[in-house]
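Hi everyone, thanks for making the time. I'd like to walk you through one structure today, so please have a look at it while I talk.

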Amino acid sequence: MKITDLIGYQVLDSRGKPTVAAAVTLEDGTTHTARVPSGASTGKHEALELRDGSSTHADKYFGGHSVNKAVENINTVISQHLIGEPIDLSLIDQKLEQLDPSANHGQLGANATLAVSLASAIAAAHAKGLSLARYFQPDGKLLLPMPMVNILSGGAHANRTLDFQDVLVVPCGANSFAEAISWVVAVRESAAKLGSQQGKVTNLVADEGGLGIAFPSIQEACNFVLSAIEEVGLSVGSQVSLALDVASTQFFKGERYQLNNPGREFTSDEFVHFILGLVTEFPIVSIEDPFAEDDWNAWQSFTGLAPSSLQILGDDLLTTNSARLDRSIATKAANAILIKANQNGLVTSTLEVLLRAHGAGFNTVVSARSGETEDSWLADLATGWRAGQIKVGSTHGAERNAKWNRLLELEKREDTEFARPFNGAG
Ligand code: PGA
Ligand code: ZN
(Lines give C-alpha, C1' and ligand atoms only; values in the text may rest on other atoms or scores of the structure.)
(Ligands and ions follow the chains in the order given, each with its own letter.)
Protein backbone atom coordinates (compact mmCIF):
# COMPACT_ATOMS: atom_id res chain seq x y z
CA MET A 1 0.00 0.00 0.00
CA LYS A 2 1.33 3.46 -0.91
CA ILE A 3 1.49 6.77 0.90
CA THR A 4 -0.87 9.23 -0.82
CA ASP A 5 -0.34 12.18 1.51
CA LEU A 6 1.92 13.32 4.34
CA ILE A 7 1.54 16.52 6.32
CA GLY A 8 3.17 18.01 9.39
CA TYR A 9 1.59 20.52 11.75
CA GLN A 10 2.20 22.13 15.11
CA VAL A 11 0.27 20.94 18.19
CA LEU A 12 0.72 21.34 21.96
CA ASP A 13 2.33 19.00 24.47
CA SER A 14 1.29 18.47 28.11
CA ARG A 15 3.22 21.58 29.21
CA GLY A 16 1.42 23.71 26.60
CA LYS A 17 4.59 23.89 24.53
CA PRO A 18 4.50 23.45 20.75
CA THR A 19 5.47 20.09 19.31
CA VAL A 20 5.37 18.35 15.93
CA ALA A 21 2.58 16.11 14.62
CA ALA A 22 2.69 14.17 11.36
CA ALA A 23 -0.20 12.54 9.49
CA VAL A 24 0.35 9.82 6.90
CA THR A 25 -2.53 9.01 4.53
CA LEU A 26 -2.60 5.68 2.70
CA GLU A 27 -4.17 4.50 -0.54
CA ASP A 28 -7.11 2.99 1.36
CA GLY A 29 -8.05 6.50 2.54
CA THR A 30 -7.03 6.03 6.19
CA THR A 31 -4.87 8.62 8.00
CA HIS A 32 -2.40 7.79 10.80
CA THR A 33 -1.02 10.47 13.12
CA ALA A 34 1.78 10.69 15.66
CA ARG A 35 2.93 13.48 17.94
CA VAL A 36 6.42 13.72 19.42
CA PRO A 37 7.19 14.33 23.11
CA SER A 38 9.80 16.69 24.53
CA GLY A 39 12.09 16.63 27.58
CA ALA A 40 12.98 19.25 30.20
CA SER A 41 16.06 17.61 31.70
CA THR A 42 17.55 16.85 28.32
CA GLY A 43 21.00 15.38 27.83
CA LYS A 44 23.43 17.28 25.67
CA HIS A 45 24.07 14.23 23.47
CA GLU A 46 20.43 13.87 22.41
CA ALA A 47 19.24 14.26 18.80
CA LEU A 48 18.37 17.86 17.98
CA GLU A 49 14.87 19.16 18.61
CA LEU A 50 14.42 21.91 16.03
CA ARG A 51 12.70 25.02 17.45
CA ASP A 52 12.22 28.36 15.75
CA GLY A 53 13.81 30.74 18.24
CA SER A 54 12.17 34.04 19.09
CA SER A 55 13.04 35.85 15.85
CA THR A 56 10.18 34.55 13.71
CA HIS A 57 6.79 36.23 13.52
CA ALA A 58 4.91 32.92 13.79
CA ASP A 59 6.59 32.32 17.14
CA LYS A 60 5.41 35.60 18.66
CA TYR A 61 3.46 33.97 21.52
CA PHE A 62 5.54 30.82 22.06
CA GLY A 63 8.76 32.21 23.52
CA GLY A 64 11.00 30.78 20.81
CA HIS A 65 9.61 27.26 21.23
CA SER A 66 7.43 27.02 18.11
CA VAL A 67 8.32 24.27 15.64
CA ASN A 68 7.37 25.81 12.29
CA LYS A 69 10.73 25.02 10.70
CA ALA A 70 10.46 21.32 11.58
CA VAL A 71 6.86 21.28 10.31
CA GLU A 72 7.95 23.03 7.12
CA ASN A 73 10.62 20.36 6.58
CA ILE A 74 7.91 17.68 6.70
CA ASN A 75 5.67 19.61 4.32
CA THR A 76 8.42 20.21 1.76
CA VAL A 77 11.48 18.01 1.46
CA ILE A 78 10.19 14.98 3.41
CA SER A 79 6.76 14.77 1.79
CA GLN A 80 8.28 15.26 -1.69
CA HIS A 81 10.36 12.15 -1.12
CA LEU A 82 7.76 9.97 0.61
CA ILE A 83 4.43 10.59 -1.14
CA GLY A 84 3.89 7.78 -3.65
CA GLU A 85 6.30 5.44 -1.82
CA PRO A 86 5.19 2.11 -0.30
CA ILE A 87 4.45 2.15 3.45
CA ASP A 88 7.58 0.28 4.48
CA LEU A 89 9.05 1.51 7.78
CA SER A 90 12.66 0.52 7.22
CA LEU A 91 12.70 2.08 3.73
CA ILE A 92 11.10 5.26 5.06
CA ASP A 93 13.63 5.51 7.90
CA GLN A 94 16.46 4.92 5.42
CA LYS A 95 15.16 7.76 3.26
CA LEU A 96 14.89 10.08 6.27
CA GLU A 97 18.46 9.14 7.16
CA GLN A 98 19.59 9.99 3.60
CA LEU A 99 17.72 13.29 3.61
CA ASP A 100 19.44 14.27 6.86
CA PRO A 101 22.68 12.31 7.31
CA SER A 102 23.78 14.48 10.27
CA ALA A 103 24.41 12.45 13.43
CA ASN A 104 21.85 14.41 15.49
CA HIS A 105 19.21 14.92 12.75
CA GLY A 106 19.91 18.61 13.14
CA GLN A 107 19.13 19.58 9.55
CA LEU A 108 15.52 18.43 9.39
CA GLY A 109 15.07 18.30 13.17
CA ALA A 110 14.71 15.03 15.09
CA ASN A 111 11.18 16.19 15.99
CA ALA A 112 10.35 16.22 12.24
CA THR A 113 12.01 12.87 11.46
CA LEU A 114 10.54 11.11 14.50
CA ALA A 115 6.98 12.37 13.86
CA VAL A 116 7.14 11.00 10.29
CA SER A 117 8.83 7.77 11.37
CA LEU A 118 6.24 7.10 14.09
CA ALA A 119 3.24 7.96 11.92
CA SER A 120 4.70 5.64 9.27
CA ALA A 121 5.09 2.80 11.80
CA ILE A 122 1.45 3.22 12.85
CA ALA A 123 0.35 3.30 9.20
CA ALA A 124 2.49 0.26 8.36
CA ALA A 125 0.87 -1.71 11.21
CA HIS A 126 -2.56 -0.71 9.89
CA ALA A 127 -1.61 -1.82 6.35
CA LYS A 128 -0.83 -5.27 7.77
CA GLY A 129 -4.01 -5.34 9.86
CA LEU A 130 -1.97 -5.52 13.09
CA SER A 131 -1.77 -3.53 16.30
CA LEU A 132 1.48 -1.54 16.54
CA ALA A 133 2.75 -3.95 19.21
CA ARG A 134 1.99 -6.96 17.00
CA TYR A 135 3.59 -5.28 14.00
CA PHE A 136 6.92 -5.54 15.81
CA GLN A 137 6.27 -9.02 17.20
CA PRO A 138 3.84 -10.92 14.96
CA ASP A 139 4.01 -14.26 16.80
CA GLY A 140 4.11 -15.60 20.35
CA LYS A 141 3.11 -13.96 23.62
CA LEU A 142 3.73 -10.22 23.82
CA LEU A 143 5.72 -9.08 26.86
CA LEU A 144 3.88 -6.41 28.84
CA PRO A 145 6.46 -4.21 30.60
CA MET A 146 6.92 -3.75 34.35
CA PRO A 147 5.96 -0.12 35.10
CA MET A 148 8.29 2.19 37.01
CA VAL A 149 6.00 4.88 38.41
CA ASN A 150 6.74 8.34 39.72
CA ILE A 151 5.40 9.16 43.20
CA LEU A 152 7.53 12.19 44.17
CA SER A 153 8.89 14.66 41.63
CA GLY A 154 11.73 17.11 41.99
CA GLY A 155 14.50 18.52 39.85
CA ALA A 156 13.56 20.22 36.59
CA HIS A 157 10.02 18.80 36.81
CA ALA A 158 9.05 20.41 40.11
CA ASN A 159 11.12 23.53 40.60
CA ARG A 160 13.75 21.55 42.53
CA THR A 161 11.52 20.79 45.52
CA LEU A 162 13.87 17.79 45.69
CA ASP A 163 17.35 17.67 44.19
CA PHE A 164 16.64 14.22 42.77
CA GLN A 165 14.18 14.24 39.89
CA ASP A 166 12.02 11.19 40.70
CA VAL A 167 11.31 8.87 43.58
CA LEU A 168 9.49 6.01 41.88
CA VAL A 169 7.93 2.70 42.84
CA VAL A 170 8.27 -0.62 41.03
CA PRO A 171 5.45 -3.12 41.76
CA CYS A 172 7.90 -5.96 41.27
CA GLY A 173 5.74 -8.62 43.00
CA ALA A 174 2.59 -8.02 40.90
CA ASN A 175 1.35 -10.88 38.77
CA SER A 176 -0.29 -8.88 36.00
CA PHE A 177 -0.03 -5.40 34.54
CA ALA A 178 -3.51 -4.54 35.86
CA GLU A 179 -2.48 -5.59 39.37
CA ALA A 180 0.76 -3.61 39.08
CA ILE A 181 -1.12 -0.42 38.16
CA SER A 182 -3.69 -0.90 40.92
CA TRP A 183 -0.86 -1.11 43.47
CA VAL A 184 0.88 2.05 42.31
CA VAL A 185 -2.38 4.01 42.17
CA ALA A 186 -2.95 2.99 45.80
CA VAL A 187 0.60 4.01 46.78
CA ARG A 188 0.26 7.41 45.10
CA GLU A 189 -3.08 8.03 46.84
CA SER A 190 -1.57 6.93 50.12
CA ALA A 191 1.39 9.29 49.62
CA ALA A 192 -0.98 12.20 48.93
CA LYS A 193 -2.99 11.39 52.08
CA LEU A 194 0.12 11.00 54.21
CA GLY A 195 1.47 14.28 52.88
CA SER A 196 -1.65 16.21 53.76
CA GLN A 197 -1.74 14.65 57.24
CA GLN A 198 1.79 16.04 57.68
CA GLY A 199 0.65 19.48 56.52
CA LYS A 200 2.42 19.33 53.16
CA VAL A 201 1.01 20.73 49.92
CA THR A 202 -0.21 17.71 47.94
CA ASN A 203 -2.71 19.10 45.45
CA LEU A 204 0.00 20.52 43.19
CA VAL A 205 1.32 18.02 40.70
CA ALA A 206 4.60 18.20 38.81
CA ASP A 207 5.19 17.86 35.06
CA GLU A 208 4.89 14.07 35.10
CA GLY A 209 1.92 13.93 37.50
CA GLY A 210 3.98 13.15 40.62
CA LEU A 211 3.63 14.94 43.96
CA GLY A 212 5.90 17.97 44.15
CA ILE A 213 6.48 17.83 47.90
CA ALA A 214 9.63 19.42 49.35
CA PHE A 215 11.82 17.26 51.64
CA PRO A 216 14.97 18.20 53.55
CA SER A 217 16.85 15.20 52.15
CA ILE A 218 16.51 12.31 49.70
CA GLN A 219 16.54 9.90 52.65
CA GLU A 220 13.42 11.56 54.10
CA ALA A 221 11.74 11.41 50.69
CA CYS A 222 12.50 7.66 50.41
CA ASN A 223 11.24 7.00 53.94
CA PHE A 224 8.04 8.90 53.13
CA VAL A 225 7.35 6.70 50.07
CA LEU A 226 8.12 3.55 52.09
CA SER A 227 5.52 4.65 54.67
CA ALA A 228 3.01 5.21 51.85
CA ILE A 229 3.63 1.65 50.60
CA GLU A 230 3.24 0.16 54.09
CA GLU A 231 0.10 2.20 54.72
CA VAL A 232 -1.74 0.36 51.89
CA GLY A 233 -0.67 -3.03 53.26
CA LEU A 234 1.81 -3.89 50.53
CA SER A 235 5.13 -5.33 51.56
CA VAL A 236 8.23 -3.32 50.83
CA GLY A 237 10.72 -5.25 48.72
CA SER A 238 8.81 -8.43 47.85
CA GLN A 239 5.80 -6.55 46.43
CA VAL A 240 6.82 -2.92 45.86
CA SER A 241 10.37 -1.54 45.67
CA LEU A 242 11.85 1.88 45.11
CA ALA A 243 13.62 3.35 42.10
CA LEU A 244 15.32 6.74 41.74
CA ASP A 245 16.00 8.99 38.78
CA VAL A 246 18.74 11.22 40.17
CA ALA A 247 19.06 13.24 36.91
CA SER A 248 22.34 14.40 38.41
CA THR A 249 23.58 16.28 35.34
CA GLN A 250 21.15 18.99 36.45
CA PHE A 251 23.10 19.67 39.64
CA PHE A 252 26.64 18.80 38.52
CA LYS A 253 28.34 22.17 38.41
CA GLY A 254 32.04 23.04 38.51
CA GLU A 255 32.93 19.31 38.73
CA ARG A 256 30.88 18.99 41.92
CA TYR A 257 27.52 17.39 42.69
CA GLN A 258 25.73 20.25 44.44
CA LEU A 259 22.72 19.32 46.57
CA ASN A 260 20.42 22.04 47.94
CA ASN A 261 18.90 19.73 50.57
CA PRO A 262 20.94 19.42 52.61
CA GLY A 263 23.20 22.15 51.27
CA ARG A 264 26.28 20.08 50.53
CA GLU A 265 28.59 19.42 47.62
CA PHE A 266 30.41 16.24 46.63
CA THR A 267 33.32 15.34 44.41
CA SER A 268 32.60 12.50 41.96
CA ASP A 269 34.26 9.99 44.24
CA GLU A 270 32.35 11.21 47.29
CA PHE A 271 29.09 11.05 45.33
CA VAL A 272 29.79 7.45 44.27
CA HIS A 273 29.92 6.58 47.99
CA PHE A 274 26.87 8.69 48.80
CA ILE A 275 24.85 6.80 46.16
CA LEU A 276 26.24 3.46 47.35
CA GLY A 277 25.04 4.35 50.85
CA LEU A 278 21.54 5.10 49.54
CA VAL A 279 21.17 1.85 47.61
CA THR A 280 22.39 -0.05 50.66
CA GLU A 281 20.05 1.74 53.09
CA PHE A 282 16.87 1.56 50.96
CA PRO A 283 15.15 -1.21 48.93
CA ILE A 284 16.14 0.41 45.63
CA VAL A 285 16.05 -1.87 42.57
CA SER A 286 16.95 0.71 39.93
CA ILE A 287 18.94 3.94 39.92
CA GLU A 288 18.97 6.25 36.89
CA ASP A 289 21.57 8.88 36.05
CA PRO A 290 23.28 8.82 39.47
CA PHE A 291 26.23 10.58 37.80
CA ALA A 292 26.49 13.31 35.19
CA GLU A 293 26.25 12.68 31.46
CA ASP A 294 30.02 12.79 30.86
CA ASP A 295 31.33 11.64 34.26
CA TRP A 296 32.20 8.19 32.84
CA ASN A 297 34.74 7.39 35.57
CA ALA A 298 32.12 7.74 38.31
CA TRP A 299 29.70 5.48 36.38
CA GLN A 300 32.40 2.90 35.90
CA SER A 301 33.60 2.82 39.50
CA PHE A 302 30.02 2.75 40.85
CA THR A 303 29.06 -0.14 38.53
CA GLY A 304 32.09 -2.06 39.83
CA LEU A 305 31.17 -1.45 43.49
CA ALA A 306 27.34 -1.74 43.45
CA PRO A 307 25.48 -5.00 44.13
CA SER A 308 25.10 -6.94 40.86
CA SER A 309 21.31 -7.08 41.32
CA LEU A 310 21.03 -3.27 41.11
CA GLN A 311 19.81 -1.84 37.82
CA ILE A 312 22.11 1.06 36.90
CA LEU A 313 20.25 2.96 34.24
CA GLY A 314 21.74 5.43 31.76
CA ASP A 315 19.44 8.16 30.41
CA ASP A 316 21.41 11.41 29.86
CA LEU A 317 24.56 9.25 29.82
CA LEU A 318 23.46 7.10 26.88
CA THR A 319 20.77 9.21 25.10
CA THR A 320 19.50 6.18 23.11
CA ASN A 321 22.68 6.43 21.06
CA SER A 322 24.48 3.33 19.84
CA ALA A 323 28.01 4.77 20.11
CA ARG A 324 27.44 5.82 23.72
CA LEU A 325 25.82 2.47 24.50
CA ASP A 326 28.86 0.70 23.02
CA ARG A 327 31.16 2.75 25.21
CA SER A 328 29.17 1.86 28.32
CA ILE A 329 29.20 -1.85 27.42
CA ALA A 330 32.96 -1.79 26.79
CA THR A 331 33.79 0.12 29.97
CA LYS A 332 31.19 -1.57 32.21
CA ALA A 333 29.60 1.79 33.06
CA ALA A 334 25.86 1.12 33.77
CA ASN A 335 23.98 -2.12 33.03
CA ALA A 336 20.71 -0.78 31.64
CA ILE A 337 19.56 1.85 29.15
CA LEU A 338 16.57 4.18 29.07
CA ILE A 339 15.08 4.16 25.57
CA LYS A 340 13.57 7.46 24.41
CA ALA A 341 12.71 7.63 20.70
CA ASN A 342 13.11 11.40 20.52
CA GLN A 343 16.67 11.21 21.86
CA ASN A 344 17.40 9.18 18.75
CA GLY A 345 15.12 10.59 16.02
CA LEU A 346 13.93 7.46 14.16
CA VAL A 347 11.87 4.41 15.15
CA THR A 348 14.09 1.86 13.42
CA SER A 349 17.36 3.09 14.87
CA THR A 350 15.77 3.40 18.33
CA LEU A 351 14.83 -0.28 18.08
CA GLU A 352 18.37 -1.09 16.93
CA VAL A 353 19.76 0.51 20.11
CA LEU A 354 17.35 -1.53 22.23
CA LEU A 355 18.30 -4.79 20.50
CA ARG A 356 21.98 -4.01 20.82
CA ALA A 357 21.46 -3.43 24.55
CA HIS A 358 19.65 -6.77 24.91
CA GLY A 359 22.50 -8.45 23.03
CA ALA A 360 24.94 -7.14 25.64
CA GLY A 361 22.76 -8.29 28.54
CA PHE A 362 21.60 -4.77 29.41
CA ASN A 363 18.07 -4.21 30.73
CA THR A 364 15.96 -1.76 28.73
CA VAL A 365 13.35 0.72 29.97
CA VAL A 366 11.21 2.41 27.33
CA SER A 367 10.45 5.92 28.54
CA ALA A 368 8.11 8.85 27.98
CA ARG A 369 9.28 12.48 28.30
CA SER A 370 8.17 15.10 30.81
CA GLY A 371 6.46 16.97 27.96
CA GLU A 372 4.08 14.33 26.57
CA THR A 373 1.04 14.06 24.33
CA GLU A 374 -2.19 12.09 24.31
CA ASP A 375 -0.60 9.46 22.04
CA SER A 376 -0.21 5.89 23.28
CA TRP A 377 2.29 4.44 20.76
CA LEU A 378 4.88 4.22 23.54
CA ALA A 379 2.91 1.39 25.19
CA ASP A 380 2.91 -0.59 21.94
CA LEU A 381 6.61 0.01 21.34
CA ALA A 382 7.53 -1.16 24.85
CA THR A 383 5.38 -4.28 24.44
CA GLY A 384 6.23 -5.18 20.83
CA TRP A 385 9.91 -4.55 21.45
CA ARG A 386 9.95 -6.79 24.57
CA ALA A 387 11.60 -3.97 26.52
CA GLY A 388 10.71 -5.50 29.88
CA GLN A 389 10.12 -2.14 31.60
CA ILE A 390 8.36 1.17 30.96
CA LYS A 391 8.57 4.60 32.62
CA VAL A 392 5.82 7.10 31.89
CA GLY A 393 5.66 9.37 34.96
CA SER A 394 2.85 9.07 37.50
CA THR A 395 -0.77 7.96 37.28
CA HIS A 396 -2.15 11.51 37.08
CA GLY A 397 -2.57 13.35 33.78
CA ALA A 398 -4.34 12.07 30.67
CA GLU A 399 -1.06 12.12 28.72
CA ARG A 400 0.39 9.64 31.28
CA ASN A 401 -2.75 7.53 31.61
CA ALA A 402 -3.05 7.20 27.80
CA LYS A 403 -0.01 4.91 28.02
CA TRP A 404 -1.13 2.96 31.12
CA ASN A 405 -4.62 2.59 29.62
CA ARG A 406 -3.23 1.27 26.35
CA LEU A 407 -1.20 -1.32 28.29
CA LEU A 408 -4.36 -2.33 30.17
CA GLU A 409 -6.08 -2.69 26.78
CA LEU A 410 -3.24 -4.78 25.33
CA GLU A 411 -3.43 -7.06 28.36
CA LYS A 412 -7.13 -7.68 27.63
CA ARG A 413 -7.04 -7.84 23.85
CA GLU A 414 -3.75 -9.55 22.96
CA ASP A 415 -2.02 -12.76 24.01
CA THR A 416 0.45 -11.43 26.58
CA GLU A 417 2.61 -12.25 29.56
CA PHE A 418 3.77 -9.80 32.20
CA ALA A 419 7.48 -9.04 32.62
CA ARG A 420 8.92 -9.57 36.12
CA PRO A 421 12.48 -8.18 35.77
CA PHE A 422 12.91 -7.82 39.54
CA ASN A 423 11.28 -11.08 40.54
CA GLY A 424 12.17 -11.82 44.13
CA ALA A 425 13.51 -8.30 44.79
CA GLY A 426 13.97 -7.45 48.42
P1 PGA B 1 12.79 14.63 30.67
O2 PGA B 1 12.82 13.72 31.96
O3 PGA B 1 11.78 14.08 29.73
O4 PGA B 1 12.43 15.98 31.21
O5 PGA B 1 14.18 14.60 30.09
C6 PGA B 1 12.60 12.34 31.94
C7 PGA B 1 13.77 11.59 32.53
O8 PGA B 1 14.78 12.21 32.93
O9 PGA B 1 13.75 10.38 32.59
ZN1 ZN C 1 16.02 10.40 33.44
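I'll go through the domains, then the metal site, and then a few individual residues.

First, some housekeeping: this is a predicted model, so local features need pLDDT of at least 70 and side-chain atom pairs count only at pLDDT 80 or more, while totals for chains, interfaces and linings use all residues. Residues are numbered from 1 along each chain as its sequence is written, chains are lettered from A and ligands numbered from 1 in the order in which they are written, and side-chain values use heavy atoms, with hydrogens and water left out.

Let's start with the domains. The chain is assigned domain 1, residues 3-129, and domain 2, residues 142-418; these bounds come from an automatic or database domain assignment. Their C-alpha centres are 27 Å apart. Domain 1 brings 31 residues to the contact and domain 2 brings 29, where contact means heavy atoms within 4.5 Å.

How much area do domain 1 and domain 2 bury between them? About 2,600 Å², with 53% of it on carbon and sulfur atoms. Buried area here is the accessible area (1.4 Å probe) that two parts lose on being put together, summed over both. On the domain 1 side, Arg-35, Ser-41 and His-45 lose the most area to domain 2, together 24% of what that side buries.

There are 5 salt bridges between the two domains, a salt bridge being a side-chain nitrogen of Lys or Arg within 4 Å of a carboxyl oxygen of Asp or Glu. Arg-35 comes up again here: Arg-35 forms a salt bridge with Glu-374, with the closest N and O atoms 3.4 Å apart.

Which elements give two or more residues to the side of domain 1 that touches domain 2? They are strand S3 (31-35), helix H2 (89-99) and helix H3 (110-127), and H3 gives the most, with 6 residues. Helices (H or I, at least four residues) and strands (E, at least two) are DSSP runs, numbered from the N terminus.

Now the metal. The zinc ion, ligand 2, has Asp-245 (OD), Glu-288 (OE) and Asp-315 (OD) as protein donors, 2.0 to 2.3 Å away. Donors are N, O and S atoms within 2.8 Å of the metal (3.2 Å for Na, K and Ca), and water is not among the atoms, so the site may look incomplete. The sequence spacing of the donor residues is D-x42-E-x26-D. Glu-288 sits in strand S11 (284-288) and Asp-315 in the loop between strand S12 (311-314) and helix H9 (322-331), so this pair ties together parts 27 residues apart in sequence. Both Glu-288 and Asp-315 are buried; that means under 20% relative accessible area, with exposed over 50% and partly exposed in between (1.4 Å probe, protein chains only).

Next, Arg-400, in helix H13 (398-413). Is Arg-400 buried or exposed? Buried, with a relative accessible area of 0%. Beyond neighbours within four places in sequence, its contacts include Ser-14, Asp-207, Glu-208 and Glu-372.

Finally, some backbone details. Most residues other than glycine have a negative phi, and most peptide bonds are trans. His-105 has a positive phi near 55°; His-105 lies in the loop between H2 and H3 and is buried at 3% relative accessible area. Ala-334 also has a positive phi, about 80°. Asn-261 and Pro-262 are joined by a cis peptide bond, with omega about -5°.
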